[in-house]
Amino acid sequence: MEKEPVRICVTGAAGQIAYSLLLRIARGDMFGADQPVILHLLDLDFMMESLNGVVMELDDCALPLLVEAIATSDINVAFKDIDFAILVGAFPRKEGMERADLLRRNVNIFKVAGEALNTHAKKTVKVLVVGNPANTNCMVCQLSAPSIPATSFTCLTRLDQNRAQIQIARRCNVGARDVSNVIIWGNHSSTQFPDARFAQVQSAGSSHLAPAVVKDDAWLKGDFIKTVQTRGAAIIKARKLSSAMSAAQAIVDHIRDWQFGTTGDAWTSMGIVSDGSYGVPAGLVYSMPVRIAPGGAYQVVQNLDIDVFARSMMDATAKELIDEREMAVKILQE
C-alpha cells in the first residue's frame with residue numbers, strides 16, 4: 001500500500017540553496033525511495049516568475065515520488081498542514097548593514113513565520129531554520145509558535161559538522177564516512193566551536209579517537225577550528241556566492257537523521273532549544289550533540305568532559321547568542 005505523501009515547505013524556494021535541494025527531496029534522498037512528497041514552495045511576490053520556472057523543471061524531471069509542487073507567495077497557503085518546514089529564506093546582510101539592523105529585519109520575518117506555523121501547520125511539524133542568523137531566527141520562530149513543542153524547532157549546524165568531518169578525514173588520510181562524532185557547539189557563526197575531542201576515526205579495521213590519530217593538538221585547537229569557522233566566507237570569496245550545494249546536502253543529512261534516527265553510538269549536531277545541558281542557558285538555540293530515535297525524538301549526549309579550553313570556547317559562542325537574544329527580545333517587545 002502506497003504511503004501518504006509527506007508535505008514539506010521550503011521557503012526561499014527560488015533561491016540557489018533551494019535549487020540544489022528540491023530535486024534531492026523530490027527524488028527520495030531525504031525521506032526514502034518509497035515516500036511520496038508534496039512540495040510547498042514559498043517565495044516573495046517578485047520571485048514568483050522564477051519560482052514557476054523551478055516548478056516547470058521539477059515537472060520535467062517526471063519524478064515518481066513527487067505528487068505535487070505548489071508555488072505560492074502566501075505564507076498561510078505554504079504552511080497549510082505541512083509535516084516539515086525548511087526555512088531557507090531570510091534577509092541577507094548587505095554591505096554597511098549593522099548587526100542590529102540585520103536582526104531587526106529577520107526577527108520580523110521569523111515572527112511572522114512562527115505565527116503562521118502556529119496557525120496552519122500540523123502540530124507535529126518539524127521545523128529546520130537555515131536562514132541566518134539561524135540560531136536566533138529559530139528562537140524567534142519557536143517563541144512565536146507556542147502551540148508547537150520547542151523540541152520541534154532546530155537550526156542547521158550540520159553543514160559545519162560536515163565541514164569539520166572532512167577536515168579530520170583529510171588530515172587522517174581516510175574517507176569522510178570513516179569519521180564520526182565530531183561536535184559543533186553553539187552558534188552557526190564564526191564563534192562556533194568545532195570539537196574533535198570525541199570524534200572517532202575508522203582506520204585499518206579499528207576505531208580510534210581523532211586526537212590520537214591526528215597527533216597535533218595545536219592544529220586541532222588552531223587551524224582546524226578556524227577553517228571550519230570561516231569556511232562559508234572562504235567559499236563566498238572563491239565563488240562570489242554563498243554555499244548552496246553543500247548547504248543542500250547538510251539539510252538532507254539533518255532531516256534524514258531527524259526522521260530516521262542516528263545509529264548505534266553515533267551522534268549528530270543540531271541547533272536545539274537548550275534545556276540547560278552543559279551550562280548553556282535554557283531557551284537559547286545552541287548546537288549540541290544529540291542522539292535521535294526513529295521518528296524524531298532526540299536526547300542531548302550527556303556527561304562529555306568539558307575541559308578548560310572547551311569551556312572557554314563554549315561560553316564565548318553562548319555569549320554571542322545571549323547578546324543576539326537580548327536584541328531579538330527587545331525587537332519583539334516593540
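The legends below accompany close-up views of a predicted model.

**Figure 1. Overall view of the protein chain, with its 12 helices and 14 strands.** The radius of gyration is 19 Å, close to the 20 Å that the globule rule gives for 334 residues, so the chain is as compact as a globular protein of that length. Along the principal axes, the C-alpha atoms fill a box of roughly 55 × 50 × 40 Å. Buried residues make up 51% of the 334 residues, and among contacts with a separation of 6 or more, 73% come from residues 24 or more positions apart.

**Figure 2. The aromatic pair of Trp185 and Tyr278, one of four aromatic pairs in the structure.**

**Figure 3. The aromatic pair of Phe193 and Phe309, which is edge-to-face.** Here the ring centres are 5.9 Å apart and the angle between the planes is 80°. This pair, too, links distant parts of the chain: Phe193 is in strand S9 (residues 193-195) and Phe309 in helix H12 (residues 308-333), 116 residues apart. Phe193 is buried, with a relative accessible area of 2%, whereas Phe309 counts as partly exposed at 25% relative accessibility. Lys221 lies over the face of Phe309, at 5.1 Å from the ring centre.

**Figure 4. Helix H12, its N-terminal cap and its buried residues.** At the N-terminal end, Asp307 caps H12 through a side-chain oxygen that lies 3.3 Å from the backbone nitrogen of Phe309. At 1.5 Å a residue, the 26 residues of H12 should span 38 Å, and this agrees with the 37 Å between its end C-alpha atoms. The buried residues of H12 include Ala310, Met313, Met314, Thr317, Ala318 and Leu321, together with Glu320, Glu324, Ala328 and Ile331. An α-helix has 3.6 residues a turn, so residues three or four places apart point the same way. What covers the buried residues of H12 includes helix H4 (99-120), helix H5 (134-143), helix H9 (223-229) and the strands S8, S9 and S13.

**Figure 5. Arg105 over the face of Phe91.** In this view, Arg105 lies at 3.9 Å from the centre of the Phe91 ring.

How values were computed. Residues numbered from 1 in each chain as written. Predicted model: local features only at pLDDT ≥ 70, side-chain atom pairs only at ≥ 80, totals over all residues. Heavy atoms only, no water. Phe/Tyr/Trp six-rings, centres within 6.5 Å; stacked < 30°, edge-to-face > 60°. Helix = DSSP H or I, 4+ residues; strand = E, 2+ residues; numbered from the N terminus. Buried < 20%, exposed > 50% of the residue type's maximum accessible area, 1.4 Å probe, protein only. Lys NZ or Arg CZ within 6 Å of the ring centre and 35° of its normal. Expected span 1.5 Å × (residues − 1). Contact = heavy atoms within 4.5 Å. Polar contact = N/O pair within 3.5 Å; in protein donor to acceptor, adjacent residues only side chain to side chain. Rg over C-alpha atoms; globule rule 2.2 N^0.38 Å.
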